[in-house]
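This report looks at how side chains pack and pair in one protein chain. Please keep the sequence and the 3D view open while reading.

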Amino acid sequence: MKYISTRGIVTPISFKETVMMGLATDGGLLLPEVIPSVGETELSAWRALSYQELALAVFSLFIHDLPPEEIKKLIDRSYASFTHPFITPVFRKGAIFILELFHGPTLAFKDVALQFLGNLFADLLAETGAKMNILGATSGDTGSAAICGVRGKERINIFIIHPHKRVSLIQELQMTTVTDPNVFNIAIRGTFDDGQAVVKEIFNDLSFKQQYSLGSVNSINWARVLAQVVYYIYAWLKISPEGHSNVVDFSVPTGNFGDIFAGYIARRMIGPGIRRLVLATNENDLLARFVIQGEYRLGTVKQTSSPSMDIQVASNFERYLYYLYGEDPRMVREDMKRFAASGSLSFPKELMKRVQSDFAAKSVSEPETIATIKAFYQEHGYILDPHTAVGVKAGLTFRQEGVPMICLATAHPAKFGAAVKLAIGKEPELPLSLAELTHRPSRCEILDAQPEAIKRFIADHAQRTQ
Ligand SMILES: *Cc1c(COP(=O)(O)O)cnc(C)c1O
(Lines give C-alpha, C1' and ligand atoms only; values in the text may rest on other atoms or scores of the structure.)
Protein backbone atom coordinates (compact mmCIF):
# COMPACT_ATOMS: atom_id res chain seq x y z
CA MET A 1 0.00 0.00 0.00
CA LYS A 2 1.37 3.37 -1.03
CA TYR A 3 0.22 6.79 0.16
CA ILE A 4 -0.49 9.88 -1.89
CA SER A 5 -1.22 13.53 -1.16
CA THR A 6 -4.60 15.21 -1.62
CA ARG A 7 -2.72 17.85 -3.64
CA GLY A 8 -1.06 15.30 -5.90
CA ILE A 9 2.51 16.61 -5.87
CA VAL A 10 4.13 14.03 -3.59
CA THR A 11 5.29 10.84 -5.32
CA PRO A 12 3.69 7.81 -3.64
CA ILE A 13 5.36 6.88 -0.36
CA SER A 14 5.22 3.99 2.11
CA PHE A 15 3.25 3.85 5.36
CA LYS A 16 6.36 4.51 7.46
CA GLU A 17 7.24 7.55 5.39
CA THR A 18 3.64 8.73 5.67
CA VAL A 19 3.74 8.55 9.45
CA MET A 20 7.00 10.46 9.57
CA MET A 21 5.94 13.10 7.07
CA GLY A 22 2.71 14.10 8.89
CA LEU A 23 1.58 16.98 6.71
CA ALA A 24 2.41 16.25 3.07
CA THR A 25 5.35 18.26 1.74
CA ASP A 26 3.07 19.82 -0.89
CA GLY A 27 0.84 21.23 1.85
CA GLY A 28 -1.81 18.56 1.38
CA LEU A 29 -2.79 15.58 3.49
CA LEU A 30 -1.72 12.00 2.95
CA LEU A 31 -4.14 9.21 2.05
CA PRO A 32 -3.87 5.57 1.01
CA GLU A 33 -3.79 5.10 -2.75
CA VAL A 34 -6.85 2.89 -2.46
CA ILE A 35 -9.26 2.24 0.37
CA PRO A 36 -9.32 -1.55 0.82
CA SER A 37 -12.78 -3.04 0.87
CA VAL A 38 -13.64 -5.87 3.22
CA GLY A 39 -15.79 -8.70 1.88
CA GLU A 40 -18.70 -10.31 3.66
CA THR A 41 -16.81 -13.48 4.53
CA GLU A 42 -13.92 -11.60 6.05
CA LEU A 43 -16.28 -9.34 7.93
CA SER A 44 -18.14 -12.32 9.43
CA ALA A 45 -14.83 -13.81 10.50
CA TRP A 46 -13.99 -10.53 12.25
CA ARG A 47 -16.97 -10.94 14.58
CA ALA A 48 -15.00 -13.33 16.76
CA LEU A 49 -12.01 -11.00 17.18
CA SER A 50 -10.97 -9.06 20.25
CA TYR A 51 -10.37 -5.31 19.82
CA GLN A 52 -6.63 -5.88 19.50
CA GLU A 53 -7.09 -8.68 16.97
CA LEU A 54 -9.45 -6.56 14.92
CA ALA A 55 -6.96 -3.67 15.02
CA LEU A 56 -4.31 -6.03 13.63
CA ALA A 57 -6.64 -7.18 10.83
CA VAL A 58 -7.52 -3.58 9.89
CA PHE A 59 -3.97 -2.22 10.17
CA SER A 60 -2.60 -5.07 8.07
CA LEU A 61 -4.70 -3.87 5.15
CA PHE A 62 -2.99 -0.47 5.28
CA ILE A 63 0.52 -1.22 6.53
CA HIS A 64 2.67 -3.31 4.22
CA ASP A 65 6.11 -2.19 5.31
CA LEU A 66 6.03 -3.55 8.87
CA PRO A 67 5.85 -7.28 9.62
CA PRO A 68 2.54 -8.41 11.21
CA GLU A 69 4.35 -9.59 14.39
CA GLU A 70 5.67 -6.10 14.86
CA ILE A 71 2.29 -4.48 14.28
CA LYS A 72 0.81 -6.91 16.78
CA LYS A 73 3.41 -5.98 19.41
CA LEU A 74 2.71 -2.30 18.86
CA ILE A 75 -1.03 -2.84 19.28
CA ASP A 76 -0.65 -4.93 22.41
CA ARG A 77 1.67 -2.39 24.00
CA SER A 78 -0.57 0.53 23.04
CA TYR A 79 -3.81 -0.86 24.43
CA ALA A 80 -2.30 -2.34 27.59
CA SER A 81 -2.73 1.14 29.11
CA PHE A 82 -6.53 0.98 28.73
CA THR A 83 -8.58 0.13 31.78
CA HIS A 84 -11.51 -1.63 30.07
CA PRO A 85 -11.03 -5.20 28.79
CA PHE A 86 -12.95 -4.40 25.58
CA ILE A 87 -10.90 -1.19 25.04
CA THR A 88 -13.92 0.61 23.49
CA PRO A 89 -17.06 -0.98 24.98
CA VAL A 90 -20.58 -0.24 23.69
CA PHE A 91 -23.58 0.10 26.02
CA ARG A 92 -27.27 0.48 25.31
CA LYS A 93 -28.80 3.51 27.03
CA GLY A 94 -32.50 3.74 26.23
CA ALA A 95 -33.03 4.42 22.54
CA ILE A 96 -29.35 4.78 21.65
CA PHE A 97 -25.99 3.11 22.12
CA ILE A 98 -22.97 4.74 23.71
CA LEU A 99 -19.54 3.78 22.40
CA GLU A 100 -17.18 4.62 25.27
CA LEU A 101 -13.84 5.73 23.89
CA PHE A 102 -12.39 7.20 27.08
CA HIS A 103 -10.80 4.27 28.87
CA GLY A 104 -7.25 5.28 27.96
CA PRO A 105 -4.74 7.02 30.28
CA THR A 106 -5.91 10.62 29.65
CA LEU A 107 -9.62 9.75 29.56
CA ALA A 108 -10.43 11.00 26.05
CA PHE A 109 -10.78 9.15 22.76
CA LYS A 110 -7.53 10.58 21.45
CA ASP A 111 -5.63 8.01 23.51
CA VAL A 112 -6.89 5.31 21.13
CA ALA A 113 -4.78 6.80 18.35
CA LEU A 114 -2.00 8.51 20.29
CA GLN A 115 -0.93 5.59 22.45
CA PHE A 116 -0.41 3.75 19.16
CA LEU A 117 1.27 6.66 17.38
CA GLY A 118 3.68 7.30 20.29
CA ASN A 119 4.86 3.68 20.24
CA LEU A 120 5.00 3.66 16.46
CA PHE A 121 7.22 6.77 16.39
CA ALA A 122 9.52 5.26 19.02
CA ASP A 123 9.88 1.99 17.05
CA LEU A 124 10.49 3.68 13.72
CA LEU A 125 13.12 5.97 15.25
CA ALA A 126 14.86 3.08 17.00
CA GLU A 127 15.05 1.29 13.64
CA THR A 128 17.01 4.10 12.02
CA GLY A 129 18.70 5.67 15.03
CA ALA A 130 17.07 9.00 14.17
CA LYS A 131 15.56 11.57 16.54
CA MET A 132 12.49 13.71 16.22
CA ASN A 133 10.74 16.75 17.59
CA ILE A 134 6.98 16.55 17.73
CA LEU A 135 5.05 19.75 17.29
CA GLY A 136 1.32 19.94 17.78
CA ALA A 137 -1.50 22.31 18.53
CA THR A 138 -4.22 21.23 20.90
CA SER A 139 -7.65 22.40 21.92
CA GLY A 140 -7.09 20.37 25.08
CA ASP A 141 -7.30 16.62 24.63
CA THR A 142 -4.81 15.96 21.85
CA GLY A 143 -2.07 17.59 23.89
CA SER A 144 -2.42 15.48 26.98
CA ALA A 145 -2.94 12.30 24.96
CA ALA A 146 0.08 13.03 22.74
CA ILE A 147 2.26 13.91 25.72
CA CYS A 148 1.17 10.76 27.49
CA GLY A 149 1.96 8.77 24.34
CA VAL A 150 5.60 9.89 24.15
CA ARG A 151 6.66 11.04 27.64
CA GLY A 152 10.03 9.68 28.62
CA LYS A 153 10.70 8.29 25.14
CA GLU A 154 14.36 8.59 24.33
CA ARG A 155 14.51 9.90 20.78
CA ILE A 156 11.56 12.25 20.94
CA ASN A 157 10.96 15.73 22.30
CA ILE A 158 7.41 17.02 22.20
CA PHE A 159 6.21 20.63 21.93
CA ILE A 160 2.51 21.14 22.51
CA ILE A 161 0.79 24.45 21.95
CA HIS A 162 -2.49 25.11 23.73
CA PRO A 163 -4.56 28.30 23.87
CA HIS A 164 -3.78 30.03 27.17
CA LYS A 165 -6.69 29.74 29.63
CA ARG A 166 -8.99 28.30 26.96
CA VAL A 167 -8.73 24.69 28.00
CA SER A 168 -10.34 23.17 31.09
CA LEU A 169 -8.32 23.14 34.32
CA ILE A 170 -8.03 19.37 34.25
CA GLN A 171 -6.89 19.45 30.63
CA GLU A 172 -4.27 22.07 31.47
CA LEU A 173 -2.98 20.10 34.43
CA GLN A 174 -2.90 16.86 32.46
CA MET A 175 -0.41 18.55 30.15
CA THR A 176 1.59 20.85 32.37
CA THR A 177 2.17 18.42 35.23
CA VAL A 178 4.06 16.06 32.96
CA THR A 179 7.56 17.25 33.77
CA ASP A 180 9.58 14.63 31.91
CA PRO A 181 12.56 16.42 30.36
CA ASN A 182 11.36 15.64 26.81
CA VAL A 183 8.01 17.42 27.28
CA PHE A 184 7.48 21.13 26.54
CA ASN A 185 4.15 22.86 26.98
CA ILE A 186 3.59 26.20 25.30
CA ALA A 187 0.50 28.29 26.07
CA ILE A 188 -0.11 30.86 23.35
CA ARG A 189 -1.99 34.10 23.67
CA GLY A 190 -4.81 33.26 21.24
CA THR A 191 -7.27 30.56 20.20
CA PHE A 192 -6.81 26.97 19.11
CA ASP A 193 -7.14 28.05 15.47
CA ASP A 194 -4.25 30.50 16.01
CA GLY A 195 -2.19 27.64 17.40
CA GLN A 196 -3.10 25.37 14.52
CA ALA A 197 -2.27 28.10 11.99
CA VAL A 198 1.15 28.65 13.58
CA VAL A 199 1.84 24.92 13.53
CA LYS A 200 0.80 24.62 9.89
CA GLU A 201 3.01 27.55 8.99
CA ILE A 202 6.00 26.04 10.76
CA PHE A 203 5.42 22.69 9.04
CA ASN A 204 5.28 24.49 5.73
CA ASP A 205 8.77 25.89 6.36
CA LEU A 206 10.33 22.78 4.90
CA SER A 207 13.91 23.61 5.81
CA PHE A 208 12.97 24.18 9.47
CA LYS A 209 10.86 21.02 9.42
CA GLN A 210 13.78 19.06 8.07
CA GLN A 211 16.40 20.66 10.28
CA TYR A 212 14.52 19.66 13.42
CA SER A 213 12.87 16.49 12.07
CA LEU A 214 9.47 17.80 13.01
CA GLY A 215 6.80 15.17 13.45
CA SER A 216 3.08 15.63 13.76
CA VAL A 217 0.57 14.24 16.22
CA ASN A 218 -2.44 16.21 15.03
CA SER A 219 -5.04 14.32 13.07
CA ILE A 220 -3.30 15.40 9.90
CA ASN A 221 -1.19 12.32 10.70
CA TRP A 222 -2.71 9.39 8.82
CA ALA A 223 -1.81 6.90 11.57
CA ARG A 224 -4.29 8.64 13.84
CA VAL A 225 -7.13 8.32 11.41
CA LEU A 226 -6.23 4.69 10.83
CA ALA A 227 -6.27 3.83 14.53
CA GLN A 228 -9.72 5.37 14.83
CA VAL A 229 -11.19 3.36 11.96
CA VAL A 230 -10.99 0.29 14.18
CA TYR A 231 -13.61 1.24 16.75
CA TYR A 232 -16.25 2.02 14.13
CA ILE A 233 -15.90 -1.46 12.71
CA TYR A 234 -15.66 -2.96 16.20
CA ALA A 235 -18.89 -1.25 17.28
CA TRP A 236 -20.63 -2.24 14.06
CA LEU A 237 -19.63 -5.88 14.62
CA LYS A 238 -20.93 -5.73 18.18
CA ILE A 239 -24.22 -4.03 17.45
CA SER A 240 -25.33 -5.12 14.02
CA PRO A 241 -27.00 -8.50 14.03
CA GLU A 242 -25.51 -11.17 11.74
CA GLY A 243 -25.33 -10.34 8.08
CA HIS A 244 -23.97 -7.53 5.99
CA SER A 245 -27.27 -5.87 5.17
CA ASN A 246 -27.88 -4.79 8.74
CA VAL A 247 -27.21 -1.13 9.16
CA VAL A 248 -26.26 1.18 11.99
CA ASP A 249 -25.84 4.95 12.21
CA PHE A 250 -23.10 6.74 14.11
CA SER A 251 -23.26 10.15 15.72
CA VAL A 252 -19.88 11.84 16.08
CA PRO A 253 -19.08 15.04 17.98
CA THR A 254 -16.81 16.81 15.55
CA GLY A 255 -14.19 19.55 15.57
CA ASN A 256 -11.32 18.89 13.20
CA PHE A 257 -13.22 16.33 11.11
CA GLY A 258 -10.66 13.66 12.10
CA ASP A 259 -12.79 11.24 14.05
CA ILE A 260 -15.74 11.41 11.68
CA PHE A 261 -13.41 11.05 8.71
CA ALA A 262 -12.22 7.76 10.24
CA GLY A 263 -15.91 6.77 10.25
CA TYR A 264 -16.10 7.68 6.58
CA ILE A 265 -13.12 5.41 5.82
CA ALA A 266 -14.70 2.60 7.87
CA ARG A 267 -17.87 3.00 5.86
CA ARG A 268 -16.00 2.87 2.57
CA MET A 269 -14.31 -0.33 3.80
CA ILE A 270 -17.29 -2.30 5.04
CA GLY A 271 -19.97 -0.90 2.77
CA PRO A 272 -23.60 -0.15 3.57
CA GLY A 273 -23.46 -1.62 7.10
CA ILE A 274 -22.64 1.87 8.27
CA ARG A 275 -25.58 3.80 6.88
CA ARG A 276 -25.17 7.35 7.94
CA LEU A 277 -22.71 9.43 9.89
CA VAL A 278 -24.24 12.20 11.94
CA LEU A 279 -21.86 15.14 12.14
CA ALA A 280 -22.49 16.96 15.42
CA THR A 281 -20.88 20.31 16.12
CA ASN A 282 -21.21 22.71 19.02
CA GLU A 283 -21.94 26.37 18.27
CA ASN A 284 -18.81 26.47 16.14
CA ASP A 285 -20.89 25.20 13.27
CA LEU A 286 -18.58 25.51 10.25
CA LEU A 287 -18.93 21.83 9.34
CA ALA A 288 -22.66 21.63 10.00
CA ARG A 289 -23.17 24.63 7.72
CA PHE A 290 -21.14 22.88 5.06
CA VAL A 291 -23.33 19.77 5.16
CA ILE A 292 -26.63 21.63 5.43
CA GLN A 293 -26.02 24.67 3.21
CA GLY A 294 -23.11 23.72 0.99
CA GLU A 295 -20.99 26.56 2.31
CA TYR A 296 -17.63 26.17 3.99
CA ARG A 297 -16.95 29.55 5.47
CA LEU A 298 -14.56 30.64 8.19
CA GLY A 299 -16.21 32.02 11.28
CA THR A 300 -14.85 33.34 14.54
CA VAL A 301 -14.31 30.88 17.32
CA LYS A 302 -16.76 30.84 20.21
CA GLN A 303 -15.80 29.41 23.57
CA THR A 304 -18.19 26.65 24.57
CA SER A 305 -18.44 23.97 27.22
CA SER A 306 -16.99 21.50 24.70
CA PRO A 307 -13.63 23.21 24.11
CA SER A 308 -12.07 20.35 22.15
CA MET A 309 -14.49 21.25 19.37
CA ASP A 310 -14.04 25.03 19.50
CA ILE A 311 -12.58 24.98 16.02
CA GLN A 312 -13.41 26.84 12.83
CA VAL A 313 -10.90 25.36 10.41
CA ALA A 314 -11.21 21.60 10.11
CA SER A 315 -7.86 20.29 8.97
CA ASN A 316 -9.14 16.89 7.84
CA PHE A 317 -11.83 18.41 5.65
CA GLU A 318 -9.38 18.41 2.77
CA ARG A 319 -9.24 14.62 2.88
CA TYR A 320 -12.96 14.37 2.39
CA LEU A 321 -12.84 16.99 -0.33
CA TYR A 322 -10.40 14.81 -2.23
CA TYR A 323 -12.94 11.98 -2.36
CA LEU A 324 -15.82 14.33 -3.04
CA TYR A 325 -13.96 15.51 -6.13
CA GLY A 326 -13.52 11.96 -7.38
CA GLU A 327 -9.87 11.85 -6.24
CA ASP A 328 -8.85 14.79 -8.40
CA PRO A 329 -5.94 16.59 -6.68
CA ARG A 330 -6.09 19.48 -9.12
CA MET A 331 -9.55 20.44 -7.92
CA VAL A 332 -8.41 20.17 -4.29
CA ARG A 333 -5.46 22.45 -5.01
CA GLU A 334 -7.70 25.04 -6.63
CA ASP A 335 -10.19 24.97 -3.79
CA MET A 336 -7.51 25.26 -1.14
CA LYS A 337 -6.03 28.24 -2.91
CA ARG A 338 -9.47 29.82 -3.17
CA PHE A 339 -10.14 29.11 0.50
CA ALA A 340 -6.82 30.59 1.58
CA ALA A 341 -7.62 33.76 -0.36
CA SER A 342 -11.29 34.26 0.48
CA GLY A 343 -11.98 32.20 3.61
CA SER A 344 -14.92 30.46 2.00
CA LEU A 345 -15.95 27.79 -0.49
CA SER A 346 -19.37 27.00 -1.83
CA PHE A 347 -20.47 23.76 -3.41
CA PRO A 348 -23.02 23.08 -6.16
CA LYS A 349 -26.28 21.22 -5.50
CA GLU A 350 -25.29 17.99 -7.27
CA LEU A 351 -22.22 17.66 -5.12
CA MET A 352 -24.20 18.43 -1.98
CA LYS A 353 -26.47 15.47 -2.70
CA ARG A 354 -23.40 13.28 -2.28
CA VAL A 355 -22.37 15.06 0.90
CA GLN A 356 -25.84 14.74 2.35
CA SER A 357 -25.98 11.04 1.61
CA ASP A 358 -22.69 10.63 3.50
CA PHE A 359 -23.59 12.86 6.46
CA ALA A 360 -26.47 14.35 8.37
CA ALA A 361 -25.49 17.35 10.46
CA LYS A 362 -26.60 19.39 13.43
CA SER A 363 -25.12 22.24 15.37
CA VAL A 364 -26.02 21.89 19.03
CA SER A 365 -26.35 25.05 21.12
CA GLU A 366 -24.96 25.53 24.63
CA PRO A 367 -28.41 25.34 26.29
CA GLU A 368 -29.19 22.16 24.33
CA THR A 369 -25.89 20.62 25.42
CA ILE A 370 -26.52 21.32 29.09
CA ALA A 371 -30.16 20.18 28.80
CA THR A 372 -29.03 16.92 27.18
CA ILE A 373 -26.60 16.16 30.01
CA LYS A 374 -29.38 16.81 32.49
CA ALA A 375 -32.08 14.78 30.74
CA PHE A 376 -29.77 11.87 30.05
CA TYR A 377 -28.72 11.76 33.70
CA GLN A 378 -32.34 11.86 34.87
CA GLU A 379 -33.39 9.10 32.47
CA HIS A 380 -30.43 6.76 32.63
CA GLY A 381 -28.34 7.78 35.66
CA TYR A 382 -25.45 8.19 33.20
CA ILE A 383 -23.29 11.31 33.02
CA LEU A 384 -22.33 12.55 29.55
CA ASP A 385 -19.39 14.85 29.06
CA PRO A 386 -20.34 17.98 27.05
CA HIS A 387 -18.71 16.76 23.82
CA THR A 388 -20.54 13.47 24.03
CA ALA A 389 -23.74 15.35 24.84
CA VAL A 390 -23.43 17.30 21.57
CA GLY A 391 -23.24 13.98 19.71
CA VAL A 392 -26.08 12.44 21.69
CA LYS A 393 -28.37 15.40 21.02
CA ALA A 394 -27.70 15.18 17.28
CA GLY A 395 -28.00 11.38 17.40
CA LEU A 396 -31.41 11.57 19.06
CA THR A 397 -32.49 14.10 16.43
CA PHE A 398 -31.68 11.82 13.50
CA ARG A 399 -32.42 8.45 15.07
CA GLN A 400 -34.70 6.21 13.04
CA GLU A 401 -36.74 3.33 14.37
CA GLY A 402 -35.04 0.01 13.58
CA VAL A 403 -31.60 1.48 12.93
CA PRO A 404 -29.30 1.42 15.96
CA MET A 405 -27.79 4.86 16.61
CA ILE A 406 -24.32 4.56 18.10
CA CYS A 407 -23.14 7.78 19.76
CA LEU A 408 -19.40 8.18 20.31
CA ALA A 409 -18.52 9.10 23.90
CA THR A 410 -15.30 10.99 23.37
CA ALA A 411 -14.34 12.04 26.89
CA HIS A 412 -14.87 11.06 30.50
CA PRO A 413 -17.26 13.55 32.16
CA ALA A 414 -14.80 14.28 34.96
CA LYS A 415 -12.57 16.13 32.48
CA PHE A 416 -15.30 18.75 32.13
CA GLY A 417 -16.66 18.93 35.66
CA ALA A 418 -17.81 22.55 35.53
CA ALA A 419 -20.17 21.99 32.59
CA VAL A 420 -21.52 18.83 34.17
CA LYS A 421 -22.16 20.66 37.42
CA LEU A 422 -24.14 23.28 35.56
CA ALA A 423 -26.36 20.52 34.19
CA ILE A 424 -26.90 18.20 37.14
CA GLY A 425 -25.87 20.25 40.14
CA LYS A 426 -22.80 18.21 41.04
CA GLU A 427 -19.43 17.38 39.60
CA PRO A 428 -18.73 13.83 38.50
CA GLU A 429 -16.42 11.93 40.77
CA LEU A 430 -12.81 12.49 39.78
CA PRO A 431 -10.97 9.32 38.91
CA LEU A 432 -7.89 8.98 41.08
CA SER A 433 -5.56 9.74 38.17
CA LEU A 434 -7.13 13.21 37.81
CA ALA A 435 -7.62 13.95 41.50
CA GLU A 436 -3.92 13.80 42.24
CA LEU A 437 -2.97 16.22 39.47
CA THR A 438 -3.69 19.34 41.49
CA HIS A 439 -0.88 18.51 43.90
CA ARG A 440 1.79 18.08 41.26
CA PRO A 441 4.38 20.61 40.13
CA SER A 442 3.71 22.00 36.66
CA ARG A 443 5.72 23.55 33.83
CA CYS A 444 4.57 25.74 30.93
CA GLU A 445 5.89 28.54 28.72
CA ILE A 446 3.57 31.41 27.70
CA LEU A 447 4.34 32.81 24.23
CA ASP A 448 2.76 34.94 21.51
CA ALA A 449 1.01 33.13 18.67
CA GLN A 450 3.84 33.99 16.28
CA PRO A 451 5.67 31.37 14.25
CA GLU A 452 9.02 33.08 14.91
CA ALA A 453 8.62 33.02 18.68
CA ILE A 454 7.63 29.37 18.62
CA LYS A 455 10.48 28.44 16.28
CA ARG A 456 12.99 30.13 18.55
CA PHE A 457 11.69 28.18 21.53
CA ILE A 458 11.86 24.93 19.60
CA ALA A 459 15.39 25.65 18.40
CA ASP A 460 16.46 26.23 22.01
CA HIS A 461 14.92 23.02 23.36
CA ALA A 462 14.95 20.56 20.48
CA GLN A 463 16.55 17.14 20.23
CA ARG A 464 19.68 17.65 18.16
CA THR A 465 18.90 15.81 14.97
CA GLN A 466 22.03 16.69 12.99
C1 LIG B 1 -10.79 16.17 19.79
C2 LIG B 1 -12.11 15.90 20.40
C3 LIG B 1 -13.29 15.90 19.63
C4 LIG B 1 -13.29 16.24 18.17
O5 LIG B 1 -12.62 15.29 17.39
P6 LIG B 1 -12.13 15.67 15.92
O7 LIG B 1 -11.34 14.51 15.46
O8 LIG B 1 -11.31 16.92 16.06
O9 LIG B 1 -13.36 15.91 15.12
C10 LIG B 1 -14.47 15.57 20.26
N11 LIG B 1 -14.52 15.29 21.59
C12 LIG B 1 -13.42 15.30 22.36
C13 LIG B 1 -13.56 15.00 23.80
C14 LIG B 1 -12.18 15.59 21.79
O15 LIG B 1 -11.09 15.59 22.57
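## Charges over rings

Lys-455 places its charged end over the ring of Phe-208, 5.4 Å from the ring centre. The model is predicted. Lys-455 also belongs to a salt-bridge network, joined with Asp-205 and Glu-452 through shared partners.

A second case involves Arg-443. Its position is over the face of Phe-184, 5.6 Å from the ring centre.

## Nonpolar core

In soluble globular proteins, nonpolar side chains tend to be buried together. Here the largest nonpolar core holds 113 residues. Val-58, Phe-59, Phe-250 and Phe-347 have the most contacts inside it. Helix H10, residues 222-239, is the top contributor to this core, with 15 residues.

What does Val-58 touch, leaving aside its neighbours within four places in sequence? Its contacts are Trp-46, Leu-226, Val-229, Val-230, Ile-233 and Met-269.

## Aromatic pairs

The count of aromatic pairs is 31. One of them is Phe-257 with Tyr-320, a tilted pair at 5.9 Å centre to centre and 50° between the planes. The two are 63 residues apart. Phe-257 sits in the loop between strand S9 (248-253) and helix H11 (258-270), and Tyr-320 in helix H13 (residues 317-324). Phe-257 is buried at 1% relative accessible area. Tyr-320 is buried too, at 1%.

Phe-290 and Phe-317 pair edge-to-face, with 4.8 Å between centres and 85° between planes. This pair links helix H12 (residues 286-293) to helix H13, across 27 residues. Phe-290 is buried at 0%, and Phe-317 is buried at 1%.

## Salt bridges

Side chains of opposite charge can pair when their charged atoms come close. The count of salt bridges is 22. Arg-77 and Asp-123 form one, with the closest N and O atoms 3.0 Å apart. Arg-77 is in helix H4 (residues 68-79) and Asp-123 in helix H5 (residues 110-128), 46 residues apart. At 40% relative accessibility, Arg-77 is partly exposed.

Asp-180 bridges to Arg-151, again with closest N and O atoms 3.0 Å apart. Asp-180 lies in the loop between helix H7 and strand S7, and Arg-151 in the loop between helix H6 and strand S6, so the pair ties together parts 29 residues apart in sequence. Is Asp-180 buried or exposed? Asp-180 counts as buried, because its relative accessible area is 18% and the cut-off for buried is under 20%. Arg-151, at 40%, is partly exposed.

Arg-289 meets Asp-285 in a salt bridge, 3.0 Å from N to O. Arg-289 is buried at 18%.

Conventions
Residues numbered from 1 in each chain as written. Predicted model: local features only at pLDDT ≥ 70, side-chain atom pairs only at ≥ 80, totals over all residues. Heavy atoms only, no water. Core = buried A, V, L, I, M, F, W, Y, C linked by side-chain atoms within 4.5 Å. Buried < 20%, exposed > 50% of the residue type's maximum accessible area, 1.4 Å probe, protein only. Helix = DSSP H or I, 4+ residues; strand = E, 2+ residues; numbered from the N terminus. Contact = heavy atoms within 4.5 Å. Phe/Tyr/Trp six-rings, centres within 6.5 Å; stacked < 30°, edge-to-face > 60°. Lys NZ or Arg CZ within 6 Å of the ring centre and 35° of its normal. Salt bridge = Lys/Arg side-chain N within 4 Å of Asp/Glu carboxyl O.
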